[in-house]
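Hello,

Here is the two-chain model I promised to pass on. Please have a look at it, and then read on for what turned up.

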Amino acid sequence: MTEQAKTILLVDDDEDFLFQQKVQLEAIGFRVITAGSKAEALRVIAGSRPDLVIVDLMMEEMDAGFTVCHTVKTKDESIPVIMCTGVVGETGLEFDAVTDEEQAWVKADVLLSKPVRFEQLKREIDRLLAS
Amino acid sequence: MDTLRVLVCDDETGMRIGVERALRHYSVQVPDVNGEVHFAVEQAESAERALELIDVSPPEILLLDLKLPGMSGIDLLERIGPRHLETLVIMISAYASIDAAVRATKQGAYDFLAKPFTPAELKDTLKEAAEHLILARQAKKLALEKRRVRFEFISVVAHELKAPINAIDGYLKIMATHAAGDDPAVYARMTERCMTRIAGMRKMIEDLLDLTRIESGQKVRELVELDACEVARTAMDTALPSAQARGIALELHAAAPIPMTADRGELEIIFNNLVSNAVKYNRDNGRVDVFVEETAGRVRITVKDTGIGIRQEDVSKLFNDFVRLKNEETKNVLGSGLGLSIVKKLAVTYGGGVSVTSEPGTGSTFTVTLNCAPFATPA
Ligand SMILES: Nc1ncnc2c1ncn2[C@@H]1O[C@H](COP(=O)(O)OP(=O)(O)OP(=O)(O)O)[C@@H](O)[C@H]1O
Ligand SMILES: [Mg+2]
């Protein structure tokens with residue numbers, strides 16, 4: 001990487017998921033900040049501007065991911081947000097950011113369902129950071 | 001109160017009216033059911049008419065004459081066949097031939113009532129039918145509920161096993177493809193996490209086995225005379241390494257040996273779960289105090305910690321299977337949420353129980369009481 005490393009904020013209450021994504025993202029040259037809860041994520045967002053945010057939908061509260069997403073977008077609309085969710089199939093809730101209306105509500109740029117394949121995550125990150 | 005619908009199908013008007021009258025103000029008490037059971041009578045003068053009514057809504061009880069103009073009673077039974085299994089059929093007939101009786105029984109007739117019968121005979125027959133119906137209904141409800149509980153349990157178990165497998169799977173993929181760079185320390189940490197998750201899974205499987213043993217009642221209890229304090233000490237020794245790692249002090253308060261009759265393994269399970277919780281959900285450099293006392297033939301075990309505490313609204317949930325409280329303080333603590341439910345089930349089998357008082361941010365106190373001689377049979 002010639003340019004300065006981009007910073008990704010990774011938010012999830014699953015310690016193992018955080019660790020796994022972090023080491024892989026670092027291995028391909030990103031700087032990664034992790035947050036294990038909504039509160040921690042909000043603190044990070046208040047004090048810095050990550051280039052991209054990856055957030056889990058369900059943490060301590062069912063919709064903690066939405067709050068994080070909303071806070072990011074309110075701070076700076078141009079920061080891309082990838083939302084990961086185990087909701088589909090887990091709770092039987094159908095959930096997809098397809099229609100414009102839904103997209104506007106969810107506010108995330110991309111919705112990935114867990115377990116997340118790293119290749120796919122990487123592709124989405126590259127796409128979002130390129131545009 | 002319950003009302004059973006009775007359809008009487010007979011070509012004699014007098015018979016239909018007689019049945020209607022006999023049952024109008026009649027009610028029966030069914031054992032195990034609160035309240036009385038009443039009957040609502042509908043009439044059909046022919047099998048054809050009965051079929052129409054049954055098609056709209058099958059009655060609970062069908063009083064059916066064998067000999068009818070047009071379609072006979074047996075023909076009707078054959079027509080409705082297995083469609084209305086919930087309907088209990090009682091044949092009424094003046095001269096039921098053996099042959100007709102056999103055919104009717106083959107078609108599912110439940111009972112016979114020979115004409116002419118007195119209102120009292122009718123009532124007795126219907127009382128018996130009502131008991132049969134209500135008990136069958138209850139058995140079915142119970143079986144369905146059991147099934148639901150079992151499926152729910154299985155789906156939670158599946159989910160709880162999937163989580164660590166996903167985590168381990170994730171680590172193995174990274175290791176296999178060397179996707180985390182070149183620092184060996186990172187890979188060592190991954191191996192360590194895999195082992196932690198496997199240990200968690202193993203603990204959960206052991207808990208599940210304990211649970212099924214307790215619930216099926218199949219395990220043979222090895223009752224021995226033992227000292228409850230000594231078992232407490234064993235459990236505290238087991239918890240010592242993880243307590244020391246976080247600077248948590250463990251102390252046993254017991255004046256003298258406390259003899260009781262118990263299965264050592266079961267008593268260990270109780271102590272282990274309470275003490276390990278008190279350590280797991282404690283703060284660094286906190287304390288765990290264990291008290292074992294005996295009063296009036298009961299052993300009281302108290303485990304007091306200086307940990308994160310439990311909110312009042314969560315207290316009632318704790319003792320159910322798979323309940324774990326999710327919050328910032330507990331999210332990195334591994335567990336399957338079976339420990340306290342096992343403790344409670346065991347305490348109950350020892351004629352006792354478990355209770356908790358807690359102050360969020362200050363600590364929790366779990367108290368278990370057990371009978372000293374829980375399985376003693378009076379001489
Ligand atoms: N001493 C305690 N202080 C605070 N919270 C507690 C304490 N003991 C139990 N809890 C809460 O109650 C929940 C249920 O406890 P339980 O022992 O049944 O399960 P667990 O510890 O999560 O898992 P395990 O089955 O491995 O014991 C815990 O997840 C925790 O949130
Ligand atoms: Mg426990």
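A search of the whole structure finds 39 salt bridges over all chains, a salt bridge being a side-chain nitrogen of Lys or Arg within 4 Å of a carboxyl oxygen of Asp or Glu. Side chains of opposite charge can pair when their charged atoms come close. Before the details, please keep in mind that this is a predicted model, in which local features need pLDDT of at least 70 and side-chain atom pairs count only at pLDDT 80 or more, while totals for chains, interfaces and linings use all residues. Residues are numbered from 1 along each chain as its sequence is written, chains are lettered from A and ligands numbered from 1 in the order in which they are written, and side-chain values use heavy atoms, with hydrogens and water left out.

Arg264(B) forms a salt bridge with Glu230(B), with 3.3 Å between the closest N and O atoms. This pair links distant parts of the chain, 34 residues apart: Arg264(B) belongs to helix H8 (residues 264–280) of chain B and Glu230(B) to helix H7 (residues 228–245) of chain B. Helices (H or I, at least four residues) and strands (E, at least two) are DSSP runs here, numbered from the N terminus. Arg264(B) is partly exposed at 30% relative accessibility, and Glu230(B) is partly exposed too, at 34%. For these classes, buried means under 20% relative accessible area, exposed means over 50%, and partly exposed lies in between (1.4 Å probe, protein chains only).

In the second pair, the side chains of Asp289(B) and Arg287(B) meet at 2.7 Å, N to O. Asp289(B) counts as buried at 11% relative accessibility, whereas Arg287(B) is partly exposed at 32%.

Now to the place where the chains meet. How many salt bridges are there between chain B and chain A? The count is five. One of them pairs the side chains of Arg193(B) and Glu15(A), at 3.5 Å, N to O. Helix H5 (119–177) and helix H6 (184–216) of chain B are the elements that give two or more residues to the side of chain B that touches chain A. By class, that side has seven nonpolar, five polar and six charged residues; Ala, Val, Leu, Ile, Met, Phe, Trp, Tyr, Cys and Pro count as nonpolar, Asp, Glu, Lys and Arg as charged, and the others, Gly among them, as polar. Arg193(B) and Glu15(A) also belong to a network of salt bridges that links them with Asp16(A), Arg189(B), Glu192(B) and Arg197(B).

In terms of contact (heavy atoms within 4.5 Å), 18 residues of chain B touch 15 residues of chain A. Together the two chains bury about 1500 Å², 49% of it on carbon and sulfur atoms; buried area is the accessible area (1.4 Å probe) that two parts lose on being put together, summed over both. Of the area that chain B buries against chain A, Lys326(B), Glu328(B) and Lys331(B) supply 31%, more than any other three residues.

Finally, the chains themselves. Chain A has five helices and five strands, following the pattern β-α-β-α-β-α-β-α-β-α along the sequence. Of its 131 residues, 47% count as buried. One of its residues is Thr7(A), in strand S1 (residues 7–11) of chain A. Thr7(A) is buried, with a relative accessible area of 11%, and touches Arg31(A), Ile33(A), Pro50(A), Asp51(A) and Leu52(A), not counting residues up to four places away in sequence. Among contacts in chain A between residues at least 6 apart in sequence, 68% join residues at least 24 apart.

Chain B contains ten helices and 13 strands, and 41% of its 379 residues count as buried. For chain B, 70% of the contacts between residues at least 6 apart in sequence join residues at least 24 apart.

Best wishes
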